[in-house]
Amino acid sequence: MKKSVLSAALAALALGVAFSAPAKAADVSACLITKTDTNPFFVKMKEGATAKAKELGVTLKSYAGKIDGDSESQVAAIESCIADGAKGILIAASDTKGIVPAVKKARDAGLLVIALDTPLEPADSADATFATDNLLAGKLIGQWAKETMGDKAKDAKVGFLDLTPSQPSVDVLRDQGFMMGFGIDPKDPNKIGDEDDARIVGHDVTNGNEEGGRKAMENLLQKDPGINVIHTINEPAAVGAYQALKAVGMEKNVLIVSVDGGCPGVKSVADGVIGATSQQYPLMMAALGVEAIKKFADGGEKPKPTEGKSFFDTGVSLVTDKPVSGVKSIDVKEGTAKCWG
């Protein structure tokens, strides 16, 4: 130690003053809360958030519900994030209405809350939403199905494999978007099940997984074995529906469309299990969300929505190897290259 530094240290000690190193910048911590940790969509979301957090020096904690629809676990996760002093929360909510009081508590505590993929109800319950335009995603597969069927669309028998009984906004938007694209009047566009179009066989819920998709498809087949078009909330549900159809030799008679565009889902399009799917980009959603929390922690800036929309639009593309006139799409090769990037 140089003499001058030593003298300063001794002087400080004589005055009873602690001699310490310069303070480090405060750590930024964030939370990611997904519906499940098994659905490939949320696995990819976690991957994107984790990589971006590492890049930016953000400490990330991840939580998930036990199944799609498990809101209690998500509420408990929010409580933990508040207690841990997190700067922000990224959440894909299972119950978009029921989670609002817990989200308000987090925002009142000074946390930035960003909804991922699924807007809260009302949407401004969160500080921002980073999502696919889920209504457009539904419209794209509805338009594709209508054009693929041609004149037969007017006599179609359509089934809907939805998410959960609570009708989260992502479920409603995709469901009603499909109807609009297919030419079905959805009646109240904020509600599932009030339609009166004779082509609708019925709705059932899947919890967004294969087993749920299989059971829901079996239920709809009992209602009408002549069903020939199926809209599914996501690709795991679509695969379950295909399994149920194959078990009774009907897999070639029913057109299945879906939303997600994950790598397994794009392969299902290539294999003929799904006719077309709307591809979204969860890795980007989560990475942008972590960036937004870091920016908020550093300077208090909150993210802004895409111009002309109430949310930040992370994009959507229709993936199919059977393109139709008037509906923009990408093929399986391009969909595979982009899947969940």
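The questions and answers below go from the overall model to a sheet, a central strand pairing, a pocket and a single residue.

Trainee: What share of the 341 residues in the protein is buried?

Mentor: This is a predicted model, in which local features need pLDDT of at least 70 and side-chain atom pairs count only at pLDDT 80 or more, while totals for chains, interfaces and linings use all residues. Residues are numbered from 1 along each chain as its sequence is written, and side-chain values use heavy atoms, with hydrogens and water left out. Taking buried as under 20% relative accessible area, exposed as over 50% and partly exposed as in between (1.4 Å probe, protein chains only), the share of buried residues is 52%.

Trainee: How many helices and strands are there in the protein?

Mentor: The C-alpha trace spans about 95 × 40 × 40 Å along its principal axes. Helices (H or I, at least four residues) and strands (E, at least two) are taken as DSSP runs, numbered from the N terminus. On that basis the count is 11 helices and 12 strands.

Trainee: Which are the edge strands of the open sheet of 6 strands?

Mentor: Two strands pair if DSSP finds at least two bridges between them, and the sheet has mixed pairing in the order β7-β6-β8-β9-β10-β12. An edge strand here pairs on one side only, which holds for β7 (200-205) and β12 (317-319). The twist averages 15° from one strand to the next. At one end, β10 (residues 276-279) runs antiparallel to its partner through 3 bridges, and the edge strands asked for are β7 and β12.

Trainee: Which residue of β7 is the bridge partner of Phe-160?

Mentor: β6 and β7 pair in the parallel sense over 5 bridges, and together with helix α6 (residues 169-182) they make a right-handed β-α-β unit, where right-handed means that, with the strands pointing away from the viewer, the path from the first strand over the helix to the second runs clockwise. β6 is also joined to β8, in parallel, by 4 bridges, and there Phe-160 is partnered by His-231. In β7, the partner of Phe-160 is His-203.

Trainee: Why is β6 largely enclosed by the rest of the structure?

Mentor: Both faces of β6 are covered, with Val-158, Phe-160 and Asp-162 buried on one side and Gly-159 and Leu-161 buried on the other. Helix α7 (residues 210-223) lies across β6, β7 and β8. β6 is largely enclosed because its buried residues number 5 of the 5.

Trainee: What is the volume of the largest pocket?

Mentor: A pocket is an open set of points on a 1 Å grid over the protein atoms alone, where a 1.4 Å probe fits, with protein on both sides within 12 Å along at least five of seven lines, and lining residues have an atom within 4 Å of a point. The lining has 16 residues, of which Leu-255, Gly-272, Ile-274, Gly-275 and Lys-322 lie nearest the centre, and α5 (134-149) and β9 (255-260) each supply at least two residues of it. With volume taken as the space filled by probe spheres set on the points, which are joined across faces, edges and corners, the value is about 300 Å³.

Trainee: What is the relative accessibility of Arg-107?

Mentor: Arg-107 lies in helix α4 (residues 100-108). With contact meaning heavy atoms within 4.5 Å, and residues up to four places away in sequence not counted, Arg-107 touches Val-113, Asp-124, Ser-125, Ala-126 and Asp-127. Arg-107 counts as partly exposed because its relative accessibility is 29%.

How values were computed. Axes fitted to C-alpha atoms, helices over the stretch in contact; angles between N-to-C directions.
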